[in-house]
Amino acid sequence: MQSHKAHRSTISGYPTKIDPTAVVIFGATGDLTQRKIIPAFYHLRKHGRLPDHFVIVGFARRPYGEKEFRALLKQSLEDYSHTHPIDPEVWQWLEERIFYLQGDLANPEDYVKLAHLLNSLPESKYYKDNHLFYLATAPKYFPIVSENLAKAGLNPQPGISGQRRLIVEKPFGTDLKSARELNSILQKYFPEKSIFRIDHYLGKETVQNLLYFRFGNSIFEPLWDRKYIDHVQITVAETQTIGSRGEYYDATGASRDMLQNHLMQLFSLIAMEPPASLEAESIRDEKVKVLKSVPIPSSEEWLHNSVRAQYGPGILGGKTIKAYREEEKVSKNSLTETYVCVKLEIDNWRWSGVPFYLRTGKALAKQFSEICIVFNRPPCVLFANSTKKVARNWLKIRIQPNEGIHLLFNTKVPNLPALQEAKMDFYYRRYGDHYFPEAYERLLLDALNGESTLFTRSDEVEYAWRIIDALRNAWNEEEVDSIPLYAPGSMGPVEADELLRRDGRYWGPPPKEEEEIQEAES
Ligand code: BG6
């Protein structure tokens with residue numbers, strides 16, 4: 001029988017009590033720690049969500065002392081916190097609990113020192129063996145860190161008095177084979193229930209709302225299938241270029257950086273069947289079923305149903321943008337895509353025949369993430385005299401920014417025998433003064449609590465790779481020396497518009513920010 005005493009995730013409610021814990025951050029002087037992890041712990045404390053007995057140990061190569069490390073983190077909090085001013089009392093509380101160990105990720109002896117430090121800090125009598133190890137390092141270190149933790153006896157062991165958990169950042173592997181290998185190495189030292197694979201999209205408030213919205217209303221779910229829905233669009237558009245990430249990005253591309261993880265998460269949440277409960281395994285089982293039901297297209301079909309492209313040179317937001325191939329640490333002959341668009345099908349009773357169009361890209365006109373559910377066109381017989389086709393109804397779920405939900409429907413034009421499109425808008429902002437936690441706050445709190453709903457399970461990662469591998473194989477088989485270009489500040493290549501146009505469809509237009517902000521605040 002399934003246990004009903006499982007930990008509560010932040011999906012179904014906030015945990016009331018977190019056990020005392022020592023968090024160890026590997027890669028503690030890096031970007032992720034500074035931009036995301038420390039601001040998240042600060043806000044968790046600010047909202048009273050950290051246990052009183054709590055420490056953070058930073059593990060990195062730089063020859064820092066505690067004082068310098070704390071100063072670095074204080075500065076990064078000032079720079080990257082999403083709320084200001086920084087509350088000095090909250091920071092002081094956190095700072096006193098931050099320690100530093102200079103160490104080499106590859107050196108087993110440094111992990112022995114770590115074990116010793118964890119046992120000797122004054123708080124250790126409270127947190128005992130409750131350790132949360134955060135791998136905020138380059139992925140190539142994931143195997144060696146987990147192995148060295150085990151060698152130092154810091155992985156879960158029979159008879160220890162606490163929980164030892166491992167947080168792993170994306171990217172998780174570079175293809176199905178490497179993801180499987182990584183899974184099997186990590187699982188050698190940490191059982192699956194102790195591994196927390198981060199996809200920060202799952203920590204976003206509006207992504208969690210997909211479940212609440214779908215299953216907490218009786219008017220949408222009955223329409224959520226092939227009888228009523230014509231197609232679904234998922235867009236994650238970014239205005240930024242690849243910046244200084246040339247080395248990582250050129251080896252990765254949009255299909256592995258965004259599609260395999262963030263977009264696949266949105267895809268499976270929007271398409272999944274109602275779970276039996278809000279517990280981790282129920283939700284994750286349903287998400288995996290969606291991925292399993294995607295028929296893998298042949299290479300020929302993939303080439304027909306996907307578009308890859310790179311940004312060319314141009315102007316974006318008044319700034320001159322170099323072509324992708326001219327970016328630092330990017331090969332001059334690179335075929336790496338900064339834009340990808342795919343058409344996927346789900347071969348099950350709910351969705352058979354309903355295409356899902358997914359697209360993501362850098363250097364685009366607008367920064368926004370949105371899911372559009374586009375309903376079937378009503379029969380037009382009543383409006384046969386109209387010169388225009390009756391518009392389809394659109395339900396737009398905005399993940400970010402100006403988070404909200406918009407419904408487009410048709411109404412009569414007063415005093416004329418014609419239809420016009422009307423819009424019903426909901427903006428979270430109008431809800432009042434709600435605090436929107438950053439994704440990492442949610443995820444860290446859940447990892448501290450041992451709750452894995454918002455983390456990616458090993459089979460989920462592998463099924464997502466199965467889809468992306470087939471796509472990339474199709475691309476690799478193509479003998480080309482360039483891929484289509486798009487202008488920075490556009491919404492991507494014309495080929496992506498064409499992909500929908502040939503199906504008689506079109507992409508929803510990007511949001512008009514200024515109007516939206518006015519509406520949201522009115
Ligand atoms: C990261 C990708 O995972 O997500 C980045 O590596 C991308 O390339 C980022 O910019 C987008 O996240 P968000 O939360 O800003 O939409």
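Y357 and W507 are both buried, a term applied to residues under 20% relative accessible area, with exposed meaning over 50% and partly exposed in between (1.4 Å probe, protein chains only). The model is predicted, and local features therefore need pLDDT of at least 70, side-chain atom pairs count only at pLDDT 80 or more, and totals for chains, interfaces and linings use all residues. Residues are numbered from 1 along each chain as its sequence is written, and side-chain values use heavy atoms, with hydrogens and water left out.

The structure holds 20 aromatic pairs, where rings of Phe, Tyr and Trp (its six-membered ring) pair if their centres lie within 6.5 Å, planes under 30 degrees apart counting as stacked, over 60 as edge-to-face and the rest as tilted. One of these is the tilted pair of F69 and Y100, at 4.7 Å centre to centre and 45° between the planes. The pair links F69 in helix α2 (residues 66-80) with Y100 in strand β3 (residues 98-102), 31 residues apart; helices (H or I, at least four residues) and strands (E, at least two) are DSSP runs, numbered from the N terminus. F69 is buried at a relative accessible area of 1%, and Y100 is also buried, at 8%. The ring centres of Y357 and W507 are 6.2 Å apart with planes at 75°, so this pair is edge-to-face. Because Y357 lies in strand β12 (residues 356-361) and W507 in the loop between α15 (494-501) and α16 (513-521), the pair ties together parts 150 residues apart in sequence. Ring pairs also join Y249, Y311, Y324, Y339 and Y486 into a cluster.
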